[in-house]
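Let's take a walk through this model together, helix by helix. Have the sequence and the 3D view ready.

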Amino acid sequence: MDAVLLQVLNGLDKGSAYALIALGLTLIFGTLGVVNFAHGALFMIGAFCAVTLNRILNINSITLDPERTDFLGNPLQIKTPYVEKWFGSFGSWMIEYSVPLAILLAIPVMLIAGMVMERGLIKHFYKRPHADQILVTFGLAIVLQEIVKSYFGANPISQAAPSAVAGSMDLGVLIGFAENAIIYPYWRLIYFAFAATLIGGVFCFLQFTTFGMVVRAGMADRETVGLLGINIDKRFTWMFGLAAVVTGAAGVMYTPILPPNYHQGMDFLVLSFVVVVVGGMGSLPGAVLAGFMLGILESFASMPEVKGFFEAIFLPSIDQIIIYLAAVFVLLTRPRGLLGRKGVMED
């Protein structure tokens, strides 16, 4: 039982990343009808916001330490980050918590990036076939990842979680299992809580604010909302920015779990598109449901017992293909996905 619960937890944190990226993808598709293949690059840019802030905070000043000398008696040079030099212990705290603090940097960066992307390029392809949209956004994703590669290099860059939450907790004891039965990292629990909060915030924003109600009305009938004198295009541009912020924030908080690299956006994008299709194109609840469901399914498929069973029947690497097999099964039984609506992608 404890092994099953552990796999559920593993699936929840991976499913959280899938759900957040798929949520952003669905927001863009539901409002603008654009199949955005550059969306994974937004996840990657969010992750590199954390890398950038950490590097900025660690810019050093060189000073002489009179208490430490070389063999000639000359004081040694020491490197001290400027933020520590200027702000003391508060500066050290900023470096320690650079990953969560990077959210504050990522929000404006991702909002501007998303809105510039929509106004500068994607708006010109609204009335073009989906194949054209896929081609141009895929090309944009390649350009963005090559820019990141040229500046940060091709190797993954580790980002540490704050030391206060860097360890693991005995989760099993809290719910009645034996001691050390379920040891789980703090940061993965934080990531799941963060994803649940962010998803809940997006749904509340769309459900309970006037802006969100107008956007939902525009998603259902764009022309009628426009006839009421509402600039629905402007609101959809903001929604594109919001989708970029959601995905970028997901990338920031995922950095201690998976070190950022220039190609990670493309890795997540393919799986997230599968999640969107399984959930139902244009369905926000479907995207979230499918994200968690497929994350848990992938986690169970990675268990040694499950992998051993499928290897015995000549189906190796079941953990890498289980999502696609599940997608085939869902689409055969429910062609519009789990919560898909009639008419989406059918006109």
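Which residues in α13 are buried? Before the answer, some ground rules: this is a predicted model, where local features need pLDDT of at least 70, side-chain atom pairs count only at pLDDT 80 or more, and totals for chains, interfaces and linings use all residues. Residues are numbered from 1 along each chain as its sequence is written, and side-chain values use heavy atoms, with hydrogens and water left out.

Now α13. Its buried residues are Leu284, Gly286, Ala287, Val288, Ala290, Gly291, Phe292, Leu294, Gly295, Glu298, Ser299 and Ala301. Buried here means under 20% relative accessible area, with exposed over 50% and partly exposed in between, using a 1.4 Å probe and protein chains only. The helix covers residues 284-301, 18 residues in total, and reaches 26 Å from its first C-alpha to its last, close to the 26 Å expected at 1.5 Å a residue. That expected span is 1.5 Å times one less than the number of residues. At the start of α13, a side-chain oxygen of Ser283 comes to within 3.0 Å of the backbone nitrogen of Gly286.

Let's zoom out. The protein chain has 15 helices and four strands; these are DSSP runs numbered from the N terminus, helices being H or I with at least four residues and strands E with at least two. The C-alpha atoms fill a box of roughly 80 × 55 × 40 Å along the principal axes. Of the 347 residues in the chain, 44% are buried.

What sits inside? The largest nonpolar core has 93 residues, and Leu20, Met117, Tyr191 and Val278 have the most contacts inside it. Such a core is a set of buried Ala, Val, Leu, Ile, Met, Phe, Trp, Tyr and Cys residues joined through side-chain atoms within 4.5 Å. Take Met117: setting aside residues up to four places away in sequence, Met117 touches Asn36, Ala38, Leu42, Ile122, Leu140, Leu144 and Phe240, where contact means heavy atoms within 4.5 Å. There is also a second, separate core of five residues, including Leu9, Met169, Ile182 and Tyr184.

Two of those Met117 partners, Leu140 and Leu144, are among the buried residues of α6, along with Gln133, Val136 and Val148. The buried residues of α6 pack against α2 (39-57), α5 (98-120) and α12 (264-279). The 23 residues of α6 (residues 130-152) should span 33 Å at 1.5 Å a residue, and the end C-alpha atoms are 32 Å apart, which agrees.

Over in α12 you'll find Ser272, which counts as buried because its relative accessibility is 0%. A polar atom of the Ser272 side chain lies 2.8 Å from the backbone oxygen of Phe268. Apart from neighbours within four places in sequence, Ser272 is in contact with Tyr18, Ile21, Ala22 and Leu25.

Finally, look at α8 (residues 186-208) and α11 (residues 232-254), whose axes come within 10 Å and cross at roughly 170°. The axes are lines fitted to C-alpha atoms, for helices over the stretch in contact, with angles running from 0 to 180 degrees between N-to-C directions. On the α8 side, residues including Trp187, Tyr191 and Phe194 meet α11 residues, among them Met239, Leu242 and Tyr254.

Methods: A polar contact is a pair of N or O atoms within 3.5 Å; within protein, one must be able to donate a hydrogen and the other to accept it, and residues adjacent in sequence count only if both atoms are side-chain atoms.
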